[in-house]
Amino acid sequence: MKSSLFGAESRMAYLLLLPTLILLAVVVGFPLVLSIWQSFFRADDGVDPETGLLQQGDTFVGLQNYADAFTSSGAGAGFWNAFWNTTLFTVVGVSIETVLGVAMALIMARALRATGLIRASILIPWAIPTVVSALMWQLIFDANGIANRLLNYQILWTTEGWQAKAAVLIADIWKTAPYIGLLTLAGLQTIDEQVYEAAKVDGAGRWRTFWSITLPLIRPVLVVAVLFRLLDAMRMFDLPYVLLGKLRSGQTLSMLAQDAATKTDYGMASAYSMVLFCYICLVAFLFIRLLGADVLGESSTRTKKKRAKGSKPKRLVTTSEGSMA
């Protein structure tokens, strides 16, 4: 009877999830399959030597688009430049954002007065649209902008070189560090104050309390926040595109795919997109495996199952006096 009841509940759960699964298949699955298929083709261009007419349509080239992307010359030169730019912006940017985000969360958690004002001020950079933020930083990094005036040094931020990469990192960190800070703050608010009181009684200092109590307790929330920010940074497009245009120093894989698409080279654009998709999937898989990000809440489900299996019903034993224990 119980198994049939669970089976009916499972079927009902699948039926309720079916519309969402169909919508995801149409919105996500179909474009993904179409991109994979398109990456195996290349648009014909030039003149057919036999007929003397312009070639039209697409030609199946198999994995040639991927091979061209990974070569050291031609299309591959732009690919590797965009690949390393994407990796640099992701690793350096997310690392600094994590440190600043945790610091912001600690400040917001300890700010007893004007808490709402402080949280709102920290949230403002994240709430500003990315394009507006990029245009604002473009004015700041102008040759006669406030950045050079504060440094008292002339730096051409929006030209080729290390300064262009630094401009993208500064703008991105300023905008998205509050995102990690807000999620970390949510984790801090779940910590019982009695834990800190016990640490004070034991004579633990601030650093010892942070490393031994605060950081381990907010680790699940922080890992998930960093994972989401990591995946978002790897597909960065609008910020460097508006801030720097098509400079090679700020070109990412998303920009490279968009540039190929504007040239109607949809095969190479799809190949770039699929390489970026696989790169993101690989990083997410390694991140979850190494750091144990509980994105789907599987750990709590497993804990409940173990508890359910380990709990056994108590047996009622009748003693000689007739009482039950």
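Helices are DSSP runs of H or I with at least four residues, and strands are runs of E with at least two; both are numbered from the N terminus. The model is a predicted one, in which local features need pLDDT of at least 70 and side-chain atom pairs count only at pLDDT 80 or more, whereas totals for chains, interfaces and linings use all residues. Residues are numbered from 1 along each chain as its sequence is written, and side-chain values use heavy atoms, with hydrogens and water left out.

**Helix packing**

Two packed helices are described by the angle between their axes and the distance between the axes. Axes are lines fitted to C-alpha atoms, for helices over the stretch in contact, and angles run from 0 to 180 degrees between N-to-C directions.

| Helix pair | Axis distance | Angle |
|---|---|---|
| H7 (162-188) and H9 (206-234) | within 9 Å | roughly 140 degrees |
| H9 and H12 (266-291) | within 10 Å | roughly 165 degrees |
| H5 (130-140) and H7 | 10 Å | about 135 degrees |

Angles under 35 degrees count as roughly parallel, over 145 as roughly antiparallel, 65 to 115 as roughly perpendicular and the rest as oblique. H9 and H12 are therefore roughly antiparallel, while H7 and H9 are oblique to each other.

A crossing is right-handed if the near helix is turned clockwise from the far one by less than a right angle, and left-handed if anticlockwise. H7 passes H9 in a right-handed crossing; H9 passes H12 in a right-handed crossing; the crossing of H5 and H7 is right-handed.

Contacts are counted between heavy atoms within 4.5 Å. For classes, Ala, Val, Leu, Ile, Met, Phe, Trp, Tyr, Cys and Pro count as nonpolar, Asp, Glu, Lys and Arg as charged, and the others, Gly among them, as polar. Residues of H7 that meet H9 include Tyr179, Ile180 and Leu183, and their partners in H9 include Ile218, Val221 and Phe228. By class, this contact of H7 with H9 has nine nonpolar, four polar and two charged residues.

In H9, Arg219, Val223 and Leu227 are among the residues that meet H12, where Tyr279, Val283 and Phe287 are among those contacted. The contact of H9 with H12 comprises 14 nonpolar, no polar and one charged residues.

Thr130, Ser133, Met136 and Trp137 in H5 meet Ile170, Ala171, Trp174 and Lys175 in H7. This contact of H5 with H7 has five nonpolar, two polar and one charged residues.

**Largest pocket**

On a 1 Å grid over the protein atoms alone, a pocket is an open set of points where a 1.4 Å probe fits, with protein on both sides within 12 Å along at least five of seven lines; lining residues have an atom within 4 Å of a point. The largest pocket is lined by 13 residues, of which Arg110, Tyr196, Arg206, Thr209 and Phe210 lie nearest its centre. Helix H3 (75-110), helix H8 (193-201) and H9 each give two or more residues to this lining. The largest share, five residues, comes from H9. By class, the lining has five nonpolar, three polar and five charged residues.
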